[in-house]
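Me: Pick one loop in this model and walk me through it closely, then follow the chain onwards from there. I'd like one connected answer, with the cut-offs spelled out.

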Amino acid sequence: MPDSATIWTVIVALGVVTYLIRFSFIGLMSGRETPPWALRLLRYVPVSILPALVAPAILWPPATGGEPDLARGLAALVTLAAGAWSRSAPLAFIAGLIALLLLLRFI
């Protein structure tokens with residue numbers, strides 16, 4: 001285990017780097033018009049981040065020790081189908097949650 005000075009150094013360094021990354025977009029771009037090609041690309045950021053956050057929990061769930069689980073996979077498919085059918089993220093989340101709870105109970 002690293003000593004506390006090393007841990008705090010890493011935490012502060014990561015905070016500074018994160019601030020500089022955000023400042024490069026917010027601080028340096030303020031007062032300027034964003035190019036149309038950048039606006040077009042930024043529309044896809046939320047759509048790509050959510051699957052990147054959720055996929056590891058489906059493929060390697062910590063609750064099962066990293067082993068794929070049929071219930072979580074099927075619940076992910078139900079969520080995907082509900083989202084495609086309804087075009088509503090909250091409805092898809094609720095359908096996936098209900099499916100996961102039912103599948104965990106009965107599988």
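Reply: Gly66 sits in the loop that joins H3 to H4, where helices are DSSP runs of H or I with at least four residues, strands are E runs of at least two, and numbering starts at the N terminus. This is a predicted model, in which local features need pLDDT of at least 70, side-chain atom pairs count only at pLDDT 80 or more, and totals for chains, interfaces and linings use all residues. Residues are numbered from 1 along each chain as its sequence is written, and side-chain values use heavy atoms, with hydrogens and water left out.

With a relative accessibility of 23%, Gly66 is partly exposed (buried is under 20% relative accessible area, exposed is over 50%, partly exposed is in between, using a 1.4 Å probe and protein chains only). If you skip its neighbours within four places in sequence, Gly66 touches Leu59, Trp60 and Pro61; contact here means heavy atoms within 4.5 Å. Gly66 and Pro56 are 10 residues apart along the chain, and their C-alpha atoms are 9.1 Å apart.

Trp60, one of those partners, belongs to the loop between H3 (45-59) and H4 too. Its relative accessible area is 54%, so Trp60 counts as exposed.

As for geometry, H4 (residues 70-86) and H5 (residues 89-106) pack at about 155°, with axes 8 Å apart. Those axes are lines fitted to C-alpha atoms, for helices over the stretch in contact, and angles run from 0 to 180 degrees between N-to-C directions. H4 and H5 are therefore roughly antiparallel (over 145 degrees; under 35 is roughly parallel, 65 to 115 roughly perpendicular, the rest oblique).

In the loop between H4 and H5 you'll find Arg87. Arg87 isn't a glycine, yet its phi is positive, about 60°. Arg87 is exposed at 75% relative accessible area.

Zooming out, the chain has 5 helices and 0 strands. Its C-alpha trace spans about 50 × 50 × 15 Å along the principal axes, and buried residues make up 9% of the 107. The radius of gyration is 20 Å, whereas a compact globule of 107 residues would be near 13 Å (taken over C-alpha atoms; the globule rule is 2.2 Å times the number of residues to the power 0.38).
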